[in-house]
Amino acid sequence: MSDEIDLLVIGAGACGLCAAIAGADAGLSVAVVEKTDRPGGNSALSTGSVPAAGSRFQREAGIEDDPETYFRDLMGIAGETDDPELVRRMTQVSAETVEWLVDVVEAKIQLITAYKHIGHSVSRLHAPASRRGIDLVNDLVRAVEKRDIPLAVGNAVRRLIIEDGAVKGAIVDTGDGQETEIRARATLLALNGFGANKALVERFCPEIAGAQYFGAQGSDGEAVIWGEELGARLDNMQAYQGYAAVADPHGSILSWTTIEKGGVLLGKDGKRFGDESLGYSGFARFVLSQGSHAWAIFDQRIFEIAMQEEEFAELWDHGGLKKGDTVAEVAAAQGLDGAAAEAAVAEYNAAAAASRADAFGRVAYGLAPLQAPFYSCRVVPALFHTQGGLHVDADGRVMRADGSAIPGLYAGGGAAAGISGRAGALGYASGNGLLTATALGRLAALAAARDLGASDA
């Protein structure tokens, strides 16, 4: 590694890997450091879904979509946000980002039409056939290796190098207790959010602080800590992505397809407790309010759709579901009051059959009324990802509270503010995290190339 490189990327999730690829292709000398023992971060734990509005894959499928529709969808669920222009920017570049992933990165992702998920009025999620984020990460790693970009795992950044108010690289612990200096003309923070930092979660997202954290280890909030020290503006700090249904004790997510297509969630009393159509993120705090567990109930038709997803199929193979001919049977198999569960689902089914709002206001019933045979799964709520972070401009430059840019510093993904609203989890639409990771990673690297005067930028 030379004495000074053009771009130092801190973090090897989708954001950092995309930045490395785009930066190298723009003519920059690039290096990536990752503090954990493998690339991926939260991207590897996701379904690998990147939303895009107006992609050629949508056109080929006969789906009409455009950035303005996508923007309205996001703002419709997010409500207030500290940076609506970032939301608009992400929707505008979403299609080119996905097409870049396919054409340049050679990522094996495709348009998903089996479901849309909360927040999307049309099918616009592009994901690996497996619905596993690790497959997208592996494609990104291959692209990095193809370009001979140095990627060092087990290398934790301890602090940034600051000279005259500008970021000039970082001090890195190489894993043996020794610190080394990596000087860089531009530095990109791609090291995720602060979900694993209990103190920061309690400070900024107290409503979900009692839930288990199921995101990637290493999401310790360095970007927030370093950013505050540099006077950076922080946006949307109370926003987060929750997940209402992590299968317990298996630790894998129960596909939200099971609920979106018409399933329900029951509390320990065997009764429903809210409108599940709020989505897997928004409903997480309602599950948390029930105590330690909730239980999902769905039917055979929904089961067959969810079985198209590898993680769900593995959950079934590993005994994570109970099957029975009646709701009472699958509820009792989980230790619930079978009669109460039967009554709750019967009431729900009646509302679905009549196409009227149920007692909790749910009107999106999918395939309901539910029909025998039935399945049940015990779940716990989780915090997956924080959605607040550093305020960035349209190209990923980190901005101070006074509106000036911090020289030499860029951010994307979980380190930057998200597009999921100002507070809470209701504003999270499927793919929000991966869109800001892939899009801002690429945009920030291209901005750095322009700022540094790279010949290929």
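Helix α1 (residues 14–25) packs with α6 at an angle of about 30 degrees, their axes lying 9 Å apart. Because angles under 35 degrees count as roughly parallel, α1 is classed as roughly parallel to α6. The model is a predicted one, and the remaining points are grouped by topic.

**Contact of α1 with α6**

- The crossing in which α1 passes α6 is left-handed.
- On the α1 side, the contact is made by Ala 14, Leu 17, Cys 18, Ala 20 and Ile 21.
- Their counterparts in α6 are Val 137, Leu 140, Val 141, Ala 143 and Val 144.
- By class, this contact of α1 with α6 comprises 10 nonpolar residues, with no polar and no charged ones.

**Contact of α4 with α5**

- Helix α4 (residues 67–78) and helix α5 (residues 84–103) have axes that come within 8 Å and cross at roughly 140 degrees.
- That angle makes α4 oblique to α5.
- Here α4 passes α5 in a right-handed crossing.
- From α4, the residues Pro 67, Glu 68, Tyr 70, Phe 71, Leu 74 and Met 75 take part.
- They meet Pro 84, Val 87, Arg 88, Thr 91, Gln 92 and Ser 94 of α5.
- The contact of α4 with α5 divides into 7 nonpolar, 3 polar and 2 charged residues.

**Backbone geometry**

- Most residues other than glycine have a negative phi, and most peptide bonds are trans.
- The peptide bond from Asp 248 to Pro 249 is cis, and its omega is near 10 degrees.
- Pro 249 belongs to the loop between β12 (238–247) and α9 (257–260).
- Ala 368 and Pro 369 are likewise joined by a cis peptide bond, with omega about 10 degrees.
- The loop that holds Pro 369 runs between α14 (338–353) and β16 (374–386).
- Asp 148, a residue other than glycine, has a positive phi near 55 degrees.
- The position of Asp 148 is in the loop between α6 (133–146) and β6 (151–153).

**Second largest pocket**

- The volume of the second largest pocket is about 210 Å³.
- Its lining consists of 13 residues.
- Nearest the centre of this pocket lie Ile 118, Glu 260, Ser 277, Leu 278 and Ala 364.
- By class, the lining of the second largest pocket has 6 nonpolar, 4 polar and 3 charged residues.

How values were computed: Residues numbered from 1 in each chain as written. Predicted model: local features only at pLDDT ≥ 70, side-chain atom pairs only at ≥ 80, totals over all residues. Heavy atoms only, no water. 1 Å grid on protein atoms, 1.4 Å probe; cavity = no way out; pocket = protein on both sides within 12 Å on 5 of 7 lines; lining within 4 Å. Points joined across faces, edges and corners; volume = space filled by probe spheres on them. Nonpolar A, V, L, I, M, F, W, Y, C, P; charged D, E, K, R; others polar. Axes fitted to C-alpha atoms, helices over the stretch in contact; angles between N-to-C directions. Helix = DSSP H or I, 4+ residues; strand = E, 2+ residues; numbered from the N terminus. Parallel < 35°, antiparallel > 145°, perpendicular 65-115°, else oblique. Left-handed = near helix turned anticlockwise from the far one by under 90°. Contact = heavy atoms within 4.5 Å.
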